[in-house]
2 protein chains.
Amino acid sequence: MATQTNSTEKVKSRGLEGVVALDTELSFIDGQVGELVYAGYDIRDLAKHTSFEEVAFLLWHGRLPNKSELSDLESRLRSERTLAPMILDVLAATPEDANPMAALRTATSALAHFDGEAEDPSREANLRKAIRLTARIPSIIASFDRVRKGKAAISPKGEGSTAFDFLYMLNGEEPGEAAENTFDVCLVLHAEHGLNASTFAARVISATLSDMYSAVTGAIGALKGPLHGGANIEVMKTLLQLDASGRNPREFVLDKLQRKERIMGFGHRVYKTMDPRAAILRDMVEDLSEESGNRKLYDMSMEIMETMEKEKGLYPNVDFFSASVYNMLGIDTDLYTPIFAMSRITGWTAHLLEQWKDNRLIRPRAEYTGPKGLQIVPIERR
Amino acid sequence: MATQTNSTEKVKSRGLEGVVALDTELSFIDGQVGELVYAGYDIRDLAKHTSFEEVAFLLWHGRLPNKSELSDLESRLRSERTLAPMILDVLAATPEDANPMAALRTATSALAHFDGEAEDPSREANLRKAIRLTARIPSIIASFDRVRKGKAAISPKGEGSTAFDFLYMLNGEEPGEAAENTFDVCLVLHAEHGLNASTFAARVISATLSDMYSAVTGAIGALKGPLHGGANIEVMKTLLQLDASGRNPREFVLDKLQRKERIMGFGHRVYKTMDPRAAILRDMVEDLSEESGNRKLYDMSMEIMETMEKEKGLYPNVDFFSASVYNMLGIDTDLYTPIFAMSRITGWTAHLLEQWKDNRLIRPRAEYTGPKGLQIVPIERR
């Protein structure tokens, strides 16, 4: 049972750990047993039986779609993927060495200028904006990746799933069924995860009754941080570093631990056992390894995992195995966080719709620890 | 004395009211007596004796500058005001009816692409970025206002104070001393105010170790909300509506109250008496009225204030009188919130520097109130 605070009482919690800031019907995490539920459904069931588009509908509407609702959503997503010319101009003018999350942040902010409903606060308009954002963020990521490589951006096919059209725009050729399905499961797994820092940032912004683009732009900025969405990039760097060194994974990890270096992809503020998403992704890495006949990444990962559990009692989180999946799909390392955003946009927008249903400003307090009562000394005598 | 929470205990507070999320040395608010202190100095003293640039130094360094430190900061600000051509292109490509805060959000995000230190997390680089942001945000606001009106953007003079060069770029002519000084005091008054929603959003974003541009872009998105920075726009609309109606201010207010309409610019979650900034701004409105010989706005405002205090026990906040000051300075109503941002950028960046000194992820929890254990029904049977 939670203690309810009242305004005369003051509670202090650095980082707000242990403080419940709001109610949600979107997801439930049991960190002790390693369970993740989206709106009533276990993540393992969703990963096995539903598409990313079904999950998007689930998060926005609180229930799974029927056939006609799903096909309606799919066709709306397909028809909304094209970017306005100014967005492509912004991406073309962005230096090729820009951080892809910074490029995504700027372009997503600019999407608002070409959405006639950007400032419409109605639920109906916000649902339409959620669909537009979910449709266009993949186009931004793929277009930026192409133009920074000196290639022409590819227009969306306007066909197939989000996973299909994204991989098509990114690579210039239609993905195979296995790649599309694997990527679709990754999108399902990253769609929603309670009050993580980016979702919380989005809700703080939205609680001022600002608009959906403002909140999502802020969330992208938060996800960009190495302690949040940037973690799987660090995981991949470590795996590549290990591979290049030719060393034994166990010794490599022990060495890092002895030097007090952090191994990314392990441990989580919420999960005290294995993240259920990590288990699903681990099986995917194993399947992809079998198919390709190259088990190197999988074997290295398993040995790192076993060493970390034995030495530190830490379990892999979602970032640890998603890095390998994306690598095997041939995706550039610095796109892992933007890809996280193209999935999490569904959870962010669902949280915004939930916030605005019963809005309240989110405003904690700070405790002042500085001086008081100072007198201003004229500048000549400072 | 604050209660310290530990991880086994769970505390619930919707909107985080009454919860202390962190320590700060930047500002102290005593809402009971109506006191606001920046890093030890009373806001009334600062408004009377220091410039905006001195306050910026105070917030970034925790002490007032001496003469050479101030002149160094002033000259760095002057030399950093010019915008990269792409930023001007982005502003030119932004539709003229775009929300100016949305335009500021996009352009500020894009500044990162032309800052070679954007991803440098060192304190020294972040201090330089704070100066660049403080120098360039005024240029963005003035340039957008001109291009949306079909006029050419004016390059900064690279002379004088932030207030001087901003009014010059906005109007195309150098401001008089009275206008510059009045505007400078407004910048001092809006520079910092504890953990308001935009500052809090910035700190949540920065706590993932994301970069300064990401955090500031998120803060701009939060400030855009009508419950936060957008409030003085609503105040001005009300004043203009009252003026156009030709009605008696007291009756106008009583009428609105009877219809349960909210009168913006009154009451504050923190201040239970008159906001000290409101008192300073009220005197400025009175002075400007004397000078211009037009007391209309002042008289209307005073009557609204008296009615609200008598009828609702509510006091004016900073937004109530800043609206009239900006109106008398000839600034368009929809620029009031961007102007708030060009001042608050100093407080935001000071909070980011403080956050990164001793970083900790800011991650409260949500309480799940939805269903559990649902079984997925095949789509044909939904």
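**View 1. Confidence of the predicted model along chain A.** In this predicted model, chain A has a mean pLDDT of 94, and 97% of its residues reach 70 or more; pLDDT is the predictor's confidence in each residue, on a scale from 0 to 100. For the model as a whole, the scores are ipTM 0.95 and pTM 0.95. Residues 1-8 of chain A are a stretch where pLDDT stays under 50, and for them the model has 14 contacts beyond four places in sequence, a contact being heavy atoms within 4.5 Å. Where pLDDT is low, the predicted coordinates should not be read in detail. Residues are numbered from 1 along each chain as its sequence is written, and chains are lettered from A and ligands numbered from 1 in the order in which they are written. Local features need pLDDT of at least 70 and side-chain atom pairs count only at pLDDT 80 or more, while totals for chains, interfaces and linings use all residues, and side-chain values use heavy atoms, with hydrogens and water left out.

View 2. Strand E3 (residues 19-24) of chain A has 5 of its 6 residues buried, so it is largely enclosed by the rest of the structure; buried means under 20% relative accessible area, exposed over 50% and partly exposed in between, with a 1.4 Å probe and protein chains only. Strands (E, at least two residues) and helices (H or I, at least four) are DSSP runs numbered from the N terminus, and two strands pair if DSSP finds at least two bridges between them. E3(A) is joined by 2 bridges to strand E2 (residues 11-12) of chain B, and the two run parallel, with Lys12(B) in E2(B) as the bridge partner of Val20(A). E3(A) also pairs in the parallel sense with strand E7 (residues 365-368) of chain B, over 4 bridges, and there Glu367(B) is the bridge partner of Asp23(A).

**View 3. The open sheet E4-E5-E6 of chain A.** In chain A, 3 strands form an open sheet in the order E4-E5-E6, with antiparallel pairing, and the edge strands are E4 and E6 (41-42), each of which pairs on one side only. Strand E4 (residues 27-30) and strand E5 (residues 35-38) pair over 4 bridges, including the one that makes Leu36(A) the partner of Ile29(A). E4(A) and E5(A) form a hairpin with 4 residues between them, and Gly34(A) in the turn has a positive phi of about 75°. On the other pairing of E5(A), 2 bridges join this strand to E6(A), where Tyr41(A) is the bridge partner of Tyr38(A).

**View 4. Aromatic pairs.** The structure holds 13 aromatic pairs over all chains; rings of Phe, Tyr and Trp (its six-membered ring) pair if their centres lie within 6.5 Å, and planes under 30 degrees apart count as stacked, over 60 as edge-to-face and the rest as tilted. One of these is the tilted pair of Phe183(A) and Tyr326(A), at 6.3 Å centre to centre and with 55° between the planes. Phe183(A) lies in helix H8 (residues 177-189) of chain A and Tyr326(A) in helix H15 (residues 318-328) of chain A, so this pair ties together parts that are 143 residues apart in sequence. Phe183(A) and Tyr326(A) are both buried. In chain B, the ring centres of Phe166(B) and Phe183(B) are 5.4 Å apart and the planes are at 15°, so the pair is stacked. Ring pairs also link Phe166(A), Phe183(A), Tyr326(A) and Tyr336(A) into a cluster.

View 5. Lys372(A) lies over the face of Phe28(B), at 3.8 Å from the ring centre, and Lys372(B) lies over the face of Phe28(A), at 3.8 Å from the ring centre; a charge sits over a ring if NZ of Lys or CZ of Arg is within 6 Å of the ring centre and within 35 degrees of the ring normal. Ser109(B), in helix H5 (residues 100-111) of chain B, counts as buried at 0% relative accessibility. Apart from neighbours within four places in sequence, Ser109(B) is in contact with Ala102(A), Arg105(A), Thr106(A) and Thr217(B).
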